[in-house]
Amino acid sequence: MKKVIAIAVVAASVGVASAQDKIVIDGSTTVGPIAKAFAEYFMAAHSEVNVTVSESGSGNGAKGLLNGTCDVGDMSRPMKDGEFKACAEKGIQPVAHVVALDGLPILVHPSNPVKDLTVEQVRKIYLGEITNWKEVGGPDMAIVSISRDTNSGTYETFEGMVMNKQKIHEGCEYVGSNGAVRQRVQSTPAAIGYAGLGFVDKTVKALKVNGVFPSAETVQSGEYPIARPLFMYTNGYPKLGTPLYQFITIYLSEDGQEMVEEKGFIPVTAY
Amino acid sequence: MSMNGNTNKSLVMSDAASVRLRLGNWIGQGVLFLITSLSTFAVFFIFYFIIKDAIPFFKTEGFKELFTGTHWYPSAHPAEFGALPLFAGTALVTVGAILVAVPLGISAAVCLSDLLPFKIRQVVKPMIEILAAIPSVAYGFFALVVFAPMLQEKGGTLLSTGAWLILGPIFALLVVVAGDLLLDRLRTRIKNTKLAAITVFSVLGSAAFFLIYRVAGQLAGIEISSGTNAFNVSIILGIMALPTVVSVSEDALQAAGRELREGSYALGATRAETILKTIIPASVSGILAAVILGVMRAVGETMVVWMASGNAARIPEPWYNVLQPVRTLTATIAGDMGEADHVTGSSRFHVLFALALCLLAFSFLMNLASETIVKRSRKKLGK
């Protein structure tokens, strides 16, 4: 029975590889907007290829690549050892394409007078050691800390770069998307949250961290402390000239750079 | 060709036709039976697969931490699987929802079945049932985008207004009933009944007013720092459970029958006495079944709690503080599933099935209980 399934899977993957009339993309909600912009751009030029983009979290991007359910796995964090190992065992060779850079701004309500926090202070807020805004120079309000759910690459980046793997305190609220973080922060005067750079708008206030304001320049130069690369993973480097190859190299073009900037991220190229 | 050939056809069915008929019958019944058993099989399959994936967790981690631990960090190294805050969150939210849905639902059911004229009832009942047709994500969106900011901005005002709206009518009713009873007792001893009535009602009335005023004043001073909390979700879940409670308990009240009501009136009982002392006791098991169905609706709801409960895995302090964020079992399963699989550590994957098993066992027991109760009530009413 297992053999039959294996053959079926091989046949299916061969079918996808040879026909290449569709590219299936799944994964991070942060990389999703870039993938969608690329997909629209690509389909406008290649009407015979159908590109579908789903957003279900970085973990699902890796899982999709592993199970062969997607051609491109969007991830806002690097693949973990365990995921690499599982891929290797299945004969899948994950290749990372860094399509853009992203900063994680710390967001507060626009009415909050606090302008600047250190990474240490942010960590202490999320550890539950600082519980009131007056301890960091703000008004006398109990801090409402908001985090992305543990299912997201954004969370793992924050956990790695800010928390140093220490545990976020138990009173912290969790929400399911970057948009929901912004929604909660813009409607809650005492809130603190974090989301991708592309999600900052006038309804929330981004703080300086260690004295550096999050922007394209400070992320690219490495000055802003909470920044990360965004990945698209493919199974092996795509064969040159195939639609998948053309798709995955869009980010290297000038148009690709513009799309990345338009979505609020920082391109890796500089034209 | 003449028509004569056909007229000779016997009225007795030929052997072949008889076989065909029986075969068709048999196949038809078989197909229908298969389709019906499919849904039964689905239940067994769900039980089987959830148990299959829950067992590895209990094997590696045991039972103690899951049910007694208070730290829920499934993604940490080393992971902690204390699900007590999740059970507490589910319980708190469910109790809250029941406190909203049951008094409202039963009052509405009584009103529908015994007070409103038939024509109005035919309009109102379907409207209440529409509540059940609204998708839960719409409720969740409302809770997150409208209700949560409202609680943050004018939480105190909202709570004190709520106290007036709820306590006002209840106390008014209590004052009238208590005053009436008191006057009845006093009637034999006092001559000036008019003066006595004025005194009794004004004393009771002002006492009640003062009490509500104090409670509302206390509530008005409360500031809610985060609107996504157990209170928010309880209210929304209560509204979601309302149509179930109303519909089922109204059916139960109707089932008590006309004879019972007429018998009660014939004995000289008033309408209030008939409802409180005859109809409700007669249909208590049906009402209980309605409550259980409401509980199940609240326990199993996922989208609303995931969007609007705050999802903080901590037991509120004190435990009944509904103004703090909570995390429920269903929201945890939905929220943690994406990143949890065999790749990233199997306990983290299997613990979600262990939680699902607890939920399943709970709703299975509740379902059994409601079945038994309904069956017993039918027997009691002789139907």
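Q: Leaving aside its neighbours within four places in sequence, with which residues is Ile236(B) in contact?
A: In this predicted model, Ile236(B) is, with Ala143(B), one of the residues that have the most contacts inside the largest nonpolar core. With neighbours within four places in sequence set aside, the contacts of Ile236(B) are Tyr139(B), Ala143(B), Phe147(B), Val304(B) and Ala308(B).

Q: How many residues has the largest nonpolar core?
A: The residues with the most contacts inside this core, Ala143(B) and Ile236(B), belong to chain B. The core also draws at least three residues from each of domain 1 (2–101 + 229–262) and domain 2 (105–220) of chain A.

Q: At what angle do helix α4 and helix α8 of chain B pack?
A: Helix α4 (residues 84–115) and helix α8 (residues 230–255) of chain B have their axes 6 Å apart, and α4(B) passes α8(B) in a right-handed crossing. By class, their contact has 22 nonpolar, seven polar and two charged residues. The angle between the two helices is about 35 degrees.

Q: Why is helix α13 of chain B largely enclosed by the rest of the structure, and which of its residues are buried?
A: Helix α13 of chain B covers residues 329–336, and because six of these eight residues are buried, the helix is largely enclosed by the rest of the structure. The buried residues are Leu329(B), Thr330(B), Ala331(B), Thr332(B), Gly335(B) and Asp336(B).

Q: Which elements of chain A give two or more residues to the side that touches chain B?
A: In the contact between the chains, 26 residues of chain A meet 25 residues of chain B. By class, the chain A side has six nonpolar, twelve polar and eight charged residues. The elements of chain A that give two or more residues to this side are α3 (58–67), α4 (81–89), β8 (173–175) and α7 (178–187).

Q: Is Ser56(A) buried or partly exposed?
A: Ser56(A) lies in the loop between β2 (50–53) and α3 of chain A. A residue needs 20 or more C-beta neighbours within 10 Å to be buried and 12 or fewer to be exposed. Ser56(A) has 17 such neighbours inside 10 Å, and therefore counts as partly exposed.

Q: How far apart do the C-alpha centres of domain 1 and domain 2 of chain A lie?
A: Eleven residues of domain 1 of chain A are in contact with twelve residues of domain 2 of chain A. By class, the domain 1 side of this contact has three nonpolar, seven polar and one charged residues. The C-alpha centres of the two domains are separated by 30 Å.

Terms used
Residues numbered from 1 in each chain as written. Chains lettered and ligands numbered in written order. Predicted model: local features only at pLDDT ≥ 70, side-chain atom pairs only at ≥ 80, totals over all residues. Contact = placed C-beta atoms within 7 Å. Helix = DSSP H or I, 4+ residues; strand = E, 2+ residues; numbered from the N terminus. Nonpolar A, V, L, I, M, F, W, Y, C, P; charged D, E, K, R; others polar. Core = buried A, V, L, I, M, F, W, Y, C linked by C-beta atoms within 7 Å. Domains from an automatic or database assignment. Axes fitted to C-alpha atoms, helices over the stretch in contact; angles between N-to-C directions. Left-handed = near helix turned anticlockwise from the far one by under 90°.
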